[in-house]
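Here is a walk through one structure, loop by loop and then helix by helix. Keep the sequence and the 3D view side by side as you read.

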Amino acid sequence: MGETDNYERQHTVTEFSDATVRSLADRVRGTVLEPGDDGYDEARSIWNGMIDRRPSLVIRCTGTADVVAAVDLARETGADVSIHGGGHNVSGSAVADGGLMIDLSSMDGVHVDPEAGTVRVGAGALLGDVDHETQLFGLATPLGVVAETGVAGLTLNGGYGHLSREYGLAADNLREVDIVTADGEVRTASEDEHRDLFWAVRGGGGNFGVVTSLEYELHEVGPEVAQLFVWYPADEARERMATFREWTESAPRHVAVLPFLAQVPDEEPFPEAAWGEPALVFFGCYRGDPAAFDDVVGPLTDGDPIADLSERTRFEELQALLDEDYPDGLRYYWKSLYLADLGDEVVDLMVRYNESAPSDLSTVDIWWLGGAVAGVPQDATAFWHRDKPFMLTFEANWEDVDADDENVEWARSGFAAAEELTLSGGRYGNFPGFAEDPAHLLFGENYDRLVDVKTRYDPENLFHLNQNVAPEA
Ligand SMILES: Cc1cc2nc3c(=O)[nH]c(=O)nc-3n(C[C@H](O)[C@H](O)[C@H](O)COP(=O)(O)OP(=O)(O)OC[C@H]3O[C@@H](n4cnc5c(N)ncnc54)[C@H](O)[C@@H]3O)c2cc1C
């Protein structure tokens, strides 16, 4: 199987002359790296070990001026250009094979304004960088559920996390972004300036330029919350997921739950008799009155679990709990589709695929959406799939380099089976597999408006190594 069938078709190799590289190095504060340079291999390596691409040039930007120089060079040379925020998108779109990679990972500053209730975040920051600073003030903005994840890509494609049912997507909490568009101009996009661009970046991904910083609204969160983490034998999945489905109909917004099917890890504190056995896990975050925890989540925790690791903890620690499960360099292929309902047939499919997973590290997950995400009109931002209450994700995670084909095939086959179910569809830009599917599946009826904005700001499609919205010819 071609590693990333989609990208290989799109890439062209650009040779940059010595004079071009020298002139660029003179103009920027950051580091310019070519194949063979010290640091080049480190720069081109991203979280997903499946991605082995060789940009002709990497620019490790230290600020917006460097980004402008990089965008100008891409435009002048016609090189393929990729944008590396945190480098965590599973598709590897951060790395342009044979092209120019704009690496923002050094631009990771975070500044909280507690008075204004906002945080300004550099586009190379990870979630943990943001939570660490905002939690100092007992504040947070909705991001994802793993601290070691890039903020920029997550937000520009939507962004679901523990706070989303109460406060919306990461993108819904954006107040403004600074962005370098294809013409090399630095623009601020907000409800007051470049409103069309602001509409488009909230869900439209990396199509419209290089976002250099993002400002978010903050909310009071924690610092202490309750972690929900209960493991049951998978043969109880049907019954327990039916309880979960019923419970979601009246559960409050300050509790978030992400059920997934997995194998019990071979380690303490799990009982040895259960090691390697298939399990249904309820993972989540409860932010209400501690005394009411049992009343609120009781239906999900009663009975005789394999292990119940629920406890009071700091929000920042809960956000980092799963970091160790997703180390840099492991091999990953993740893909999602939305569900209008969570019937037994979905649960049966999850159980079946969990049992047939070639790797014990893989999971099949349900994201419980709705709440504040669904409260925003579908055309208010570029993010379309707000009306779906659940999202199903196949997460293939494996170590063995020789097992790529069977693991990718496992996830693709589960995904294809899920697509056969009624009431499923759409795509989520943050779990796109190798981005092999057409972009309109992400954007629904917002697609045509995205084409208009793209045509205005990037008529030559400079930023095309993404889930691409092509401009009008
Ligand atoms: C361990 C892990 C846990 C995750 N958990 C969640 C979760 O809880 N919720 C969720 O919603 N998602 C989650 N994700 C998915 C995550 O949101 C995506 O992988 C996201 O794209 C990562 O952002 P990044 O900046 O690291 O992306 P990169 O890989 O750096 O970039 C991917 C693409 O995003 C665009 N992009 C990135 N930065 C910029 C920028 N500054 N300007 C313009 N375009 C840009 C570009 O098109 C780029 O090709 C998780 C991913 C991982 C690896």
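P223 sits in the loop between β11 (219-220) and β12 (224-233). Strands here are DSSP runs of E with at least two residues, helices are runs of H or I with at least four, and both are numbered from the N terminus. The peptide bond that joins G222 and P223 is cis, with omega about 0 degrees. A cis peptide bond also joins E268 and P269, where omega is about 5 degrees. P269 is placed in the loop between β13 (255-263) and β14 (278-286).

This is a predicted model: local features need pLDDT of at least 70, side-chain atom pairs count only at pLDDT 80 or more, and totals for chains, interfaces and linings use all residues. Residues are numbered from 1 along each chain as its sequence is written, and side-chain values use heavy atoms, with hydrogens and water left out.

One more loop deserves a look. H194 lies between β9 (186-190) and α8 (195-201). Its phi is near 45 degrees, a positive value in a residue other than glycine.

Now turn to the ligand. Around the ligand are 35 residues, and G85, G87, S93, Y160 and Y428 come nearest. A residue counts as near if one of its heavy atoms lies within 4 Å. By class, this shell has 19 nonpolar, 16 polar and no charged residues. Nonpolar means Ala, Val, Leu, Ile, Met, Phe, Trp, Tyr, Cys and Pro; charged means Asp, Glu, Lys and Arg; the others, Gly among them, are polar.

Backbone atoms reach the ligand too. A backbone N or O atom of H88 is 2.8 Å from a ligand oxygen. A polar backbone atom of V145 lies 2.8 Å from an oxygen atom of the ligand. For V211, a polar backbone atom is 2.8 Å from a nitrogen atom of the ligand. Two or more shell residues come from each of β3 (81-84), α6 (151-156) and β10 (210-217). α6 gives the most, with four residues.

Finally, follow the helices. α9 (residues 237-248) and α12 (residues 344-356) pack at about 135 degrees, with axes 10 Å apart. Axes are lines fitted to C-alpha atoms over the stretch in contact, and angles run from 0 to 180 degrees between N-to-C directions. That makes α9 oblique to α12. Angles under 35 degrees count as roughly parallel, over 145 as roughly antiparallel, 65 to 115 as roughly perpendicular, and the rest as oblique. The axes of α12 and α14 (residues 404-420) come within 11 Å and cross at roughly 165 degrees. α12 and α14 are therefore roughly antiparallel.

Methods:
Polar contact = N/O pair within 3.5 Å; in protein donor to acceptor, adjacent residues only side chain to side chain.
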